Amino acid sequence: MKILSFKGLCNLLSYYRRILSTLSFRRIGNILKLKASYWISALLGKNIHRGKPLSVSIEPVNHCNLHCPECPVGSGKLTRKPGRMDIENFKTILKKLPPETLYLTLYFQGEPYLNTLIFEMIKQAKKQKLFVSTSTNGHFLDPENAEKTVVSGIDEVIISLDASTPESYLKYRIGGDFNKLIQGIQNLVDARNSLKSATPLIRLQFIVFSHNQNDLKHAVSLSKKLKADILEFKSAQHYDFEDGNPFMTSLDKYSRYRKTKDGKYIIKNALRNRCYRMWSSCVITWDGNIIPCCYDKDAQYSYGNLLYNDFSTIWNGEKSDAFRKKILTARKDQEICRNCTE
């Protein structure tokens, strides 16, 4: 993570202050329950789960305007039916979230700004004293939407930069427009400045691939010029990696994989039989299914549907307990875990 300016540092400190402001005795107690039960479970190899999720992701929409080849949505490999969450279902889900939850990410698969109700969703979530974040490809941040984003009160916006030139950008962000992305970032910065707002924190994300690994230095300069707060370089997830992948970076620091003596690639993660995400967070799809985490793209491990059940019934139900037990005993056997860096 690179903090890009003194103002960026101030905005980051404000970001952490806002997170702290969401804490209550109840939420602090929940964090202690989660940590204690997780480590006891990990040590004993038994599912002893206490507490409610610290963070939740809700999917506003699961389709996108881009066609990124390594993305299940962009490549057309997502098996779930396309759709978008309506505001009444969102309100229902929001009311059912436990009061212990403090962090909400309005994103899973797809481009969240394709759901025009995103601004109302943010406002509703802020009324519930949640810290709210979203992640976007930046193509819909025209001046009007940029202003709506700031006015909504959202705490953080993550924007995928992923290149420093139009040529490099289009090698992966197929169907995108680099200049439109840059203008979108600028629009959000300008809207925040004109409204004299401390929010949102503007975090640029750069996923490192083979075709853009030489753009890193230029990306830092570009991000500073745009006056974003933070630039974060991240490793890429590849679905087909055993025999190598043309998008795989040769920079070991930014690769999730390593090459073995037989020429095959394996994930660097040891995949120990534990995962804090199964205790502390979950994802809710646009149609209400609660799933373990963001690696379950097709919602194959659904615990249940929150539109038709209460949260505790699902969170402490047979399906969720059974999956946590599998994580504690045979995590490598779970398909969604085999490519995970957790």
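Which residues does Ser 255 touch, not counting residues up to four places away in sequence? They are Ser 235, Met 248, Thr 249 and Lys 268, with a touch or contact meaning heavy atoms within 4.5 Å. This is a predicted model, where local features need pLDDT of at least 70, side-chain atom pairs count only at pLDDT 80 or more, and totals for chains, interfaces and linings use all residues. Residues are numbered from 1 along each chain as its sequence is written, and side-chain values use heavy atoms, with hydrogens and water left out.

**Ser 255**
- Ser 255 sits in the loop between E7 and strand E8 (257-259); helices (H or I, at least four residues) and strands (E, at least two) are DSSP runs, numbered from the N terminus.
- Ser 255 is buried, at a relative accessible area of 10%, where buried means under 20% (1.4 Å probe, protein chains only).

**The sheet**
- Ten strands make an open sheet with mixed pairing, in the order E1-E7-E6-E5-E4-E3-E2-E10-E11-E12; two strands pair if DSSP finds at least two bridges between them.
- Strand E1 (2-3) and strand E12 (304-305) are at the edges with a single partner strand each, so one side of each has no neighbour in the sheet.
- Helix H8 (residues 216-226) packs on the sheet, touching E1, strand E6 (201-208) and strand E7 (230-235).
- The direction of H8 makes about 150° with that of E7; axes are lines fitted to C-alpha atoms, for helices over the stretch in contact, and angles run from 0 to 180 degrees between N-to-C directions.
- Strands E10 (residues 281-284) and E11 (residues 289-291) run antiparallel, joined by two bridges, and Ile 284 has Ile 290 in E11 as its bridge partner.

**Around E4**
- Six of the six residues in strand E4 (residues 131-136) are buried.
- Phe 131, Ser 133 and Ser 135 point one way from E4, while Val 132, Thr 134 and Thr 136 point the other way.
- In a regular strand, side chains alternate between the two faces of the sheet.
- Strand E3 (residues 103-105) pairs with E4 in the parallel sense over three bridges, and Thr 105 has Ser 133 as its partner.
- Helix H4 (residues 118-127) has buried residues including Phe 119, Met 121 and Ile 122, and its buried residues pack against helix H3 (87-96), E3, E4 and helix H5 (143-152).
- Just after H4, Lys 129 takes a positive phi of about 60°.

Key
Buried < 20%, exposed > 50% of the residue type's maximum accessible area, 1.4 Å probe, protein only.
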